Amino acid sequence: MDPFMRSDLKQLIDTTNEPLLSIYLPTFRSGREVQQNVIRFKNLLKQAKQKLMACGLSESQINEMLTEASKLETNEDWWQHQSDGLAMFISDGRFDCYRVPINFKELVFVGSQFYIRPVLELLQGDGRFYVLAVSQNRVRLMSGTRYSMEEIVPDQLPSDLRSALNVDEYTSTLQQHSTGGPRAAENIVFHGHGAGSMDQQKKDEILQYFHHISTAIQSFFGDEQSPLVFAGVDYLFPLFKSSCHYKWLLEEPVTGNPDESTAEQLHQQAWPVVEPIFIRDPQAALEQYNESADSDTATNNLGKTIRAANQGAVNTLLLAEDSLQWGDFDEQDSSIRGNDRNAKTDELLNYAAVQTLITGGDVFTLPGHKIPNGTSAAILRFPVS
């Protein structure tokens with residue numbers, strides 16, 4: 001699995017050296033079906049070449065642009081290590097590829113912007129969350145969506161307490177008794193080898209261990225805003241919480257020893273913790289739109305939405321999950337002409353999403369039946385004529 005972060009999204013929407021090529025492919029993780037990954041990918045590359053040629057690129061320009069993608073056709077080992085979907089973004093001098101836990105629909109898109117709507121799910125809605133499974137013997141960072149979860153390995157993340165503190169031999173059988181509940185770190189008393197004067201030393205060692213973990217994940221997350229769930233025995237959570245500076249760490253942990261838990265088991269335990277968050281944000285946005293639907297700071301007219309997005313006026317954009325709107329936008333009168341997909345038309349919902357994100361707005365995807373016109377709705381920062 002390849003992490004897809006907000007910083008990655010920003011780089012994609014900031015890329016302007018068109019034509020920009022986006023490829024989406026559902027992939028099989030294992031079994032005989034894995035062989036289909038390569039076959040389907042080759043077919044999508046053929047489509048990509050045809051679309052790039054329709055944009056006026058020469059054969060040599062196309063081959064150069066697709067050099068890195070073409071190398072994957074013969075990389076059998078790479079195809080054996082897939083997630084549920086493959087997202088690829090290519091331009092002159094740029095090649096980004098992400099294996100992520102979303103079962104995409106096949107798509108080849110060439111335009112003035114990368115097609116980013118399918119990967120938005122990783123950053124909002126039913127999108128990405130993280131689970132940090134920690135014991136003294138093992139550290140794992142898991143990334144998941146509503147559907148699945150996989151382990152990722154950030155640089156500098158220690159594998160266990162020994163590696164974090166450079167301890168050659170660390171043998172301790174700690175037991176915990178807390179007089180103030182699992183979150184009262186100041187009341188924790190450790191019993192075990194070296195009790196008494198050693199209790200504080202063991203606590204300090206764990207705090208130092210958690211400091212190493214926190215530093216590594218903070219460096220990895222950057223400006224990420226995805227929920228993080230702590231998974232570990234209950235007495236460790238208050239200690240970790242006191243060491244962690246990632247603001248999206250959730251107050252509710254998954255308790256118990258996670259060492260023997262599979263990614264699937266951790267997903268089953270963590271999803272109920274994060275699900276209310278993913279439901280809350282798009283639902284709150286929809287309610288806010290409904291409350292202001294009759295005002296001049298809300299619209300479900302796509303032409304007006306695009307005009308507002310170009311002016312930086314869209315605060316929140318709601319898009320129907322499976323809706324596509326092809327055409328040309330006329331800036332003069334905010335009209336949309338044509339609805340056929342060809343080399344000269346844009347997918348306008350994607351265009352609106354990109355323009356909204358560029359100017360700091362939020363974009364949420366919802367089932368089409370929840371959006372008033374079944375396509376899009378926007379809450380504006382200020383009225384647009």
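# Report on a predicted single-chain model

The structure holds zero disulfides, a disulfide being a pair of cysteine sulfur atoms within 2.5 Å. Cys97 is buried, with a relative accessible area of 18%, and Cys244 is buried at 11%. Here buried means under 20% relative accessible area, exposed means over 50%, and partly exposed lies in between, with a 1.4 Å probe and protein chains only.

This is a predicted model, in which local features need pLDDT of at least 70 and side-chain atom pairs count only at pLDDT 80 or more, while totals for chains, interfaces and linings use all residues. Residues are numbered from 1 along each chain as its sequence is written, and side-chain values use heavy atoms, with hydrogens and water left out.

## Overall make-up

The chain has 11 helices and 18 strands. Helices (H or I, at least four residues) and strands (E, at least two) are DSSP runs, numbered from the N terminus. Of the 385 residues in the chain, 52% are buried. Contact means heavy atoms within 4.5 Å. Among contacts in the chain with a separation of 6 or more, 66% are between residues 24 or more positions apart.

## Helix H2

Helix H2 covers residues 34-54. At 1.5 Å a residue, its 21 residues should span 30 Å, and the end C-alpha atoms are 31 Å apart, which agrees. The expected span is 1.5 Å times one less than the number of residues in the helix.

The buried residues of H2 are Val34, Asn37, Val38, Phe41, Leu44, Leu45, Ala48 and Leu52. Seen down the axis of H2, these buried residues fall within an arc of 125°, so they line one face of the helix. The arc is that of the directions from the helix axis to the C-beta atoms. The face turned away from the buried side carries the exposed residues Gln35, Ile39, Lys46, Gln50 and Ala54.

The buried residues of H2 pack against several elements: strand E1 (20-26), helix H3 (59-65), H4, helix H5 (76-79), strand E2 (85-91) and E4. After H2 comes Gly56, whose phi is positive, near 100°.

## Nonpolar cores

In soluble globular proteins, nonpolar side chains tend to be buried together. A nonpolar core is a set of buried Ala, Val, Leu, Ile, Met, Phe, Trp, Tyr and Cys residues joined through side-chain atoms within 4.5 Å. The largest such core has 41 residues, of which Phe4, Leu9, Tyr24, Phe89, Ile116, Val119 and Leu317 touch the most other members. Helix H11 (residues 348-358) gives the largest share of this core, seven residues. A second, separate core of 28 residues includes Tyr209, Ile217, Phe230 and Tyr235.

What does Leu9 touch, leaving aside its neighbours within four places in sequence? Leu9 is in contact with Phe4, Ile116, Leu120, Leu123 and Leu357. Leu120 has its place in the loop between E4 and E5 and is buried, with a relative accessible area of 2%. Leu120 and Leu9 are 111 residues apart in sequence, and their C-alpha atoms are 8.5 Å apart in space. Not counting residues up to four places away in sequence, Leu120 touches Leu9, Ala353, Leu357 and Val363.

## Salt bridges

A search of the whole structure finds nine salt bridges. A salt bridge is a side-chain nitrogen of Lys or Arg within 4 Å of a carboxyl oxygen of Asp or Glu. The table gives some of the pairs.

| Salt bridge | N to O distance |
|---|---|
| Glu68 and Lys71 | 3.2 Å |
| Arg117 and Glu347 | 3.1 Å |
| Asp281 and Arg280 | 3.3 Å |

Glu68 and Lys71 both lie in helix H4 (residues 67-71), three residues apart, about one turn of the helix. Glu68 counts as partly exposed at 38% relative accessibility, and Lys71 counts as partly exposed at 47%.

The side chains of Arg117 and Glu347 also meet in a salt bridge. This pair links distant parts of the chain, 230 residues apart: Arg117 is in the loop between strand E4 (107-111) and strand E5 (129-134), and Glu347 is in strand E16 (residues 346-347). Arg117 counts as buried at 6% relative accessibility, and Glu347 counts as buried at 1%.

Asp281, which meets Arg280 in a salt bridge, is partly exposed, with a relative accessible area of 33%. Elsewhere, Arg29, Asp84 and Glu150 are linked in a network of salt bridges.
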